[in-house]
Amino acid sequence: MNNIIAFISYAVINTFTPGPNNIMSMSISSRYGFRKSLEFNLGVAAGFTGLMLICGLCFSGLEKILPAINGIMKILGAIYILYLALTILKSSNKNKKNENNDGTFIKAVLLQFINPKGVIFSITAVSTFIIPVYHSGSMLLLFSLAMAALAFISTCCWGIFGSAFNKFMAKHQKIINIMMALTLVYCAASLFI
């Protein structure tokens, strides 16, 4: 890799900054505990691996149609992010024991394919840092797994934060939910700015 420091910086900054994956992990963990968020976090890692592999395998085709995909992904991603914001805003701890854990593995996997932050990250990482230097499928798989591990660590960190501040967050749940929902609304709006 020509500039490994640039790649690592890009990957760490994009993975650990707020986005749908991290905010959902924190929300799930604050409501159900860290262990319950692990299913969601593993789904993020699995989905992200698939997304990176698809981007790498289809990069040449994506490069030609990226402007069209970019607009569609922004719209779909914004709609889903706003749905997540509404879900968080409406959630409460009153029926905590009767609620299903909304952090399912499949939901997390599918989120990766409409999460604009993840899609743009994957396309940029593959097209800028991986494909120009490494042309083998095994290197693409290695980088995909490394990025998935980084995504898993990131969502776990946000989940630990949510779990650690569970009592505080439960006490101030309405305000916290409004703040998290507004953060997601900002994420959706920033796609078009």
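Biologist: Where is the place of Ser122?
Modeller: This is a predicted model, in which local features need pLDDT of at least 70, side-chain atom pairs count only at pLDDT 80 or more, and totals for chains, interfaces and linings use all residues. Residues are numbered from 1 along each chain as its sequence is written, and side-chain values use heavy atoms, with hydrogens and water left out. Helices are DSSP runs of H or I, at least four residues, and strands are runs of E, at least two, numbered from the N terminus. Ser122 sits in helix 6.

Biologist: Is Ser122 buried or exposed?
Modeller: Buried means under 20% relative accessible area, exposed over 50%, and partly exposed in between (1.4 Å probe, protein chains only). Ser122 has 0% relative accessibility, so it counts as buried.

Biologist: Which residues is Ser122 in contact with, leaving aside neighbours within four places in sequence?
Modeller: Contact means heavy atoms within 4.5 Å. By that rule, the partners of Ser122 are Phe48, Leu51, Met52 and Cys55.

Biologist: How many helices and strands does the protein have?
Modeller: From the N terminus on, the elements run α-α-α-α-α-α-α-α-α. The count is 9 helices and 0 strands.

Biologist: What does Ala125 touch, not counting residues up to four places away in sequence?
Modeller: Ala125 also lies in helix 6, and it is buried, with a relative accessible area of 0%. Its C-alpha atom is separated by 9.3 Å from that of Cys55, 70 residues apart along the chain. Ala125 touches Phe7, Tyr10, Met52 and Ile130.

Biologist: At what angle do helix 1 and helix 7 pack?
Modeller: Axes are lines fitted to C-alpha atoms, for helices over the stretch in contact, and angles run from 0 to 180 degrees between N-to-C directions. The two axes are 9 Å apart, and the angle is about 40°.

Biologist: Which word describes helix 1 relative to helix 7?
Modeller: Angles under 35 degrees count as roughly parallel, over 145 as roughly antiparallel, 65 to 115 as roughly perpendicular and the rest as oblique. Helix 1 and helix 7 pack at about 40°. Therefore helix 1 is oblique to helix 7.

Biologist: Which residues does Thr15 contact, leaving aside neighbours within four places in sequence?
Modeller: Thr15 belongs to helix 1 and counts as buried at 12% relative accessibility. Thr15 and Ala148 are 133 residues apart in sequence, yet 9.7 Å apart in space, C-alpha to C-alpha. The contacts of Thr15 are Asn22, Leu150, Ala151 and Ser154.

Biologist: Is the crossing of helix 3 and helix 5 left-handed or right-handed?
Modeller: Their axes come within 7 Å and cross at roughly 35°. A crossing is left-handed if the near helix is turned anticlockwise from the far one by less than a right angle, and right-handed if clockwise. Here the crossing is right-handed.
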